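Subject: Structure handover

Hello,

Here is the structure for you to look over. My notes on it follow below.

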Amino acid sequence: MGLFEYKIRQFPETLKWAKKQDVGRLSQYLLSNPTTNRLFLASGGSYSAAAFAELLSAEKGIMARAITPFFYCGSGFSSIPARTLLVSAGGNNKDISRGYHTAHDCPRQEVGAITLRPKGALQDEMRENGELNLFDYVLPTAKDGFLSTTTVLAFYVLLYRAYGYEDLEALDLNLSETESNDIHDFVEHLKRISLEELTQHEAYLHKLEGVDSFFILFSAKSAPPALDIESKFSEGALGNTQLADYRNFAHGRFNWFTQRPGQTGLICLQTPDDVEMSEDILTRLPNHVPILRLRTKHTTPLAAIDLLVKEHYLCSALGERWGLDLSRPVVPDYGRYIHNL
């Protein structure tokens, strides 16, 4: 068992901790003055948590946008009237620091941050500046490693509670036998695509090496975990990804499966609200397309947390397939350099 799988086993402990934390001040910051725009700044593994905050804000009728610090600093978003929230587990990356400085220097914006470590460059600077909206939680589990696991779940749960939702008891952190088998069968299908519908040229392009390209279909409530899948697949070298909501997929993106048959799998995030449309699409795709349905029974934004948990098991299975240590990859020197620019 690698560190990534070990961190998944810490999900119950993480959920228990997050349910006990005081979110009163955070809730006040997120929900008061609802006519003010909200901007949620995050990078990498924390970005899907920012997207989840955007979803939760919209559910409460608040205009919001999840955005990376780099995009924020280089756009008009950095000068509009807004209440910003920086989302960073450790608070030590340079991008979140630049985002803080830009928001801090803008007289039309309030700035806050949610972190999960007691000390970090962001936390220290905000304390020195006397910032009132630093929400510095202390997650007791050890650091995640290269890919975010317990930290992203903690962010989701803290934000969910801060927006006033109280149905976390309905969340199941374990896969059913059917769900586990579905993931296993999907991964196995990726290894051996049937060549019955492929021409010799198409088979050559496929190289019989198996599929490592994926389309991820989602709806409004499943968008945050879809972004988390993209992040983990890219950072963990699990596969190339393309993302589209169900209807945007219908605007020509289906042509990918016609022009490049046998090269791409489909990961479909299904909620009760979109399962009918989803199935109508999936049943019309070519038979050679490997399809995985990650389903949730929840209709509230709890659906996003449920799907977030389930996609971690998919990442683990694909990591095993490729023989990857998702939490402890070899990071090249050029990667360290560009991360610290």
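First, a definition: buried means under 20% relative accessible area, exposed means over 50%, and partly exposed lies in between (1.4 Å probe, protein chains only). By that rule, Lys119 is exposed, because its relative accessibility is 58%.

This is a predicted model, so local features need pLDDT of at least 70 and side-chain atom pairs count only at pLDDT 80 or more, while totals for chains, interfaces and linings use all residues. Residues are numbered from 1 along each chain as its sequence is written, and side-chain values use heavy atoms, with hydrogens and water left out.

Salt bridges

The structure holds 14 salt bridges. The term means a side-chain nitrogen of Lys or Arg within 4 Å of a carboxyl oxygen of Asp or Glu.

Take Lys119 again. Its side chain forms a salt bridge with Asp124, at 3.6 Å from N to O. Asp124 is partly exposed, at 26% relative accessibility. The pair belongs to a network of salt bridges that links Lys119, Asp124, Arg127 and Asp136.

Another salt bridge joins Lys19 and Glu169, at 2.6 Å from N to O. This pair links distant parts of the chain, 150 residues apart. Lys19 sits in helix 2 (residues 11–20), and Glu169 in the loop between helix 8 (150–162) and helix 9 (177–191). Helices (H or I, at least four residues) and strands (E, at least two) are DSSP runs, numbered from the N terminus. Lys19 is partly exposed, with a relative accessible area of 30%. Glu169 is exposed, at 65%.

Arg98 and Asp95 also meet in a salt bridge, at 3.6 Å from N to O. Both lie in helix 6 (residues 94–104), three residues apart, about one turn of the helix. Both ends are partly exposed: Arg98 has a relative accessible area of 39%, and Asp95 is at 26%.

Five strands form an open sheet in the order 2-1-3-4-5, with parallel pairing. Strand 2 (64–67) and strand 5 (134–136) stand at the edges with a single partner strand each, so one side of each has no neighbour in the sheet. The twist averages 15° from one strand to the next. Two strands pair if DSSP finds at least two bridges between them. Strand 1 (residues 37–41) and strand 3 (residues 82–87) pair over five bridges. Leu41 has Leu86 in strand 3 as its bridge partner.

Helix 6 lies across strand 1, strand 3 and strand 4 (109–115), and runs at about 160° to strand 3. Helix 7 (residues 121–128) packs on the sheet too, touching strand 3, strand 4 and strand 5. Its direction makes about 135° with that of strand 4. Axes are lines fitted to C-alpha atoms, for helices over the stretch in contact, and angles run from 0 to 180 degrees between N-to-C directions.

Helix 8 and helix 15

The axes of helix 8 and helix 15 (residues 302–322) come within 10 Å and cross at roughly 170°. That makes the two helices roughly antiparallel (under 35 degrees is roughly parallel, over 145 roughly antiparallel, 65 to 115 roughly perpendicular, the rest oblique). Contact means heavy atoms within 4.5 Å. Helix 8 contributes Val152, Leu153, Tyr156 and Tyr160. Helix 15 contributes Leu302, Ala304, Ile305, Leu308, Val309 and His312. These residues divide into nine nonpolar, one polar and no charged. Ala, Val, Leu, Ile, Met, Phe, Trp, Tyr, Cys and Pro count as nonpolar, Asp, Glu, Lys and Arg as charged, and the others, Gly among them, as polar.

Best wishes
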